[in-house]
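Notebook open, structure loaded. I'll jot down what I look up as I go.

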Amino acid sequence: MNLSVERKLVGESAYEQLRNHIMQGKLTPGQKLKLNALRDEYGVSVNTLRETLMRLASDGFVEVEGQKGFRVKPVSIADLEELVELRRTLETLGLRKSMANKSGHMDWKSKLISTHYRLSCMEKLMMEDESSNVQEWEKADRDFHRAIVSNCGSQQLMRYHASILELSMRYQLLALSKRPFRGEAAAEEHRELLDALVSDDVEKAVEMLGDHITKGAQKIPEF
């Protein structure tokens with residue numbers, strides 16, 4: 001294998017592991033990230049780690065301290081409220097644009113149905129065993145909500161929405177250590193939202209999506 005390709009794959013693997021551990025709280029909010037300790041734990045070079053942590057800092061999961069230091073980005077209710085407001089704004093706008101865009105409309109609905117099916121399966125598994133399924137559930141939830149805006153016709157909107165969505169999902173995962181998974185309530189909200197989307201009921205879908213985002217945040221305890 002080409003060395004540059006191999007290095008890229010190693011870096012991508014380190015990024016995914018570190019991101020998941022930050023999302024799930026295995027690397028705790030505010031924790032200092034010491035390169036030598038991380039090198040031993042993740043089995044990658046210090047240079048690869050530094051590049052990976054800079055990428056995570058760019059994505060909003062890590063903060064750079066001084067010239068060389070890194071720490072996991074802290075969490076706060078104020079930060080959560082800002083993320084929720086931004087997510088509601090971007091996601092409901094993306095929904096309206098996706099429903100108004102008749103180009104590829106049937107393909108979009110097919111994507112909604114398929115991503116929702118996987119999400120519903122993962123929600124059932126989460127209700128049975130959170131710890132074993134949390135990573136796949138988070139991805140399925142994220143994929144469904146990204147699918148909602150995927151027919152909006154704006155690459156910029158989709159890019160910013162994906163970033164805000166991921167940062168807000170971090171709070172959902174961290175909250176699992178303090179309160180149970182929302183389970184059937186969230187699953188029912190997703191089912192009703194899907195019905196409104198495939199029925200072309202724009203105003204109902206917008207209202208339900210906004211309420212769903214807000215309710216999810218309201219169930220998150222203070223950090």
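Is asparagine 20 buried or exposed? I get a relative accessible area of 9%, so asparagine 20 is buried (buried is under 20% relative accessible area, exposed over 50%, partly exposed in between, with a 1.4 Å probe and protein chains only). Asparagine 20 is found in helix H1, residues 3–23.

Ground rules, before I forget. This is a predicted model, where local features need pLDDT of at least 70 and side-chain atom pairs count only at pLDDT 80 or more, while totals for chains, interfaces and linings use all residues. Numbering runs from 1 along each chain as its sequence is written, and side-chain values use heavy atoms, with hydrogens and water left out.

**Overall fold.** I count nine helices and two strands in the protein (DSSP runs numbered from the N terminus: H or I of at least four residues for helices, E of at least two for strands). From the N terminus the order is α-α-α-β-β-α-α-α-α-α-α. The radius of gyration is 19 Å, close to the 17 Å that the globule rule gives for 223 residues, so the protein is as compact as a globular protein of that length (taken over C-alpha atoms; the rule is 2.2 Å times the number of residues to the power 0.38). Buried residues make up 46% of the 223.

S1 (residues 62–65) and S2 run antiparallel, joined by four bridges; pairing takes at least two DSSP bridges. Valine 62 stands opposite valine 72 in S2. Three residues sit between the strands, and glycine 66 takes a positive phi near 65°.

**Largest pocket.** I find about 170 Å³ of space in it. My pocket is an open set of points on a 1 Å grid over the protein atoms alone, where a 1.4 Å probe fits, with protein on both sides within 12 Å along at least five of seven lines; lining residues have an atom within 4 Å of a point. The volume is the space filled by probe spheres set on the points, joined across faces, edges and corners. Which helix gives the largest share of the lining? Helix H7 (residues 155–175) does, with six residues. The lining includes Tyr15, Asp59, Arg146 and Glu166.
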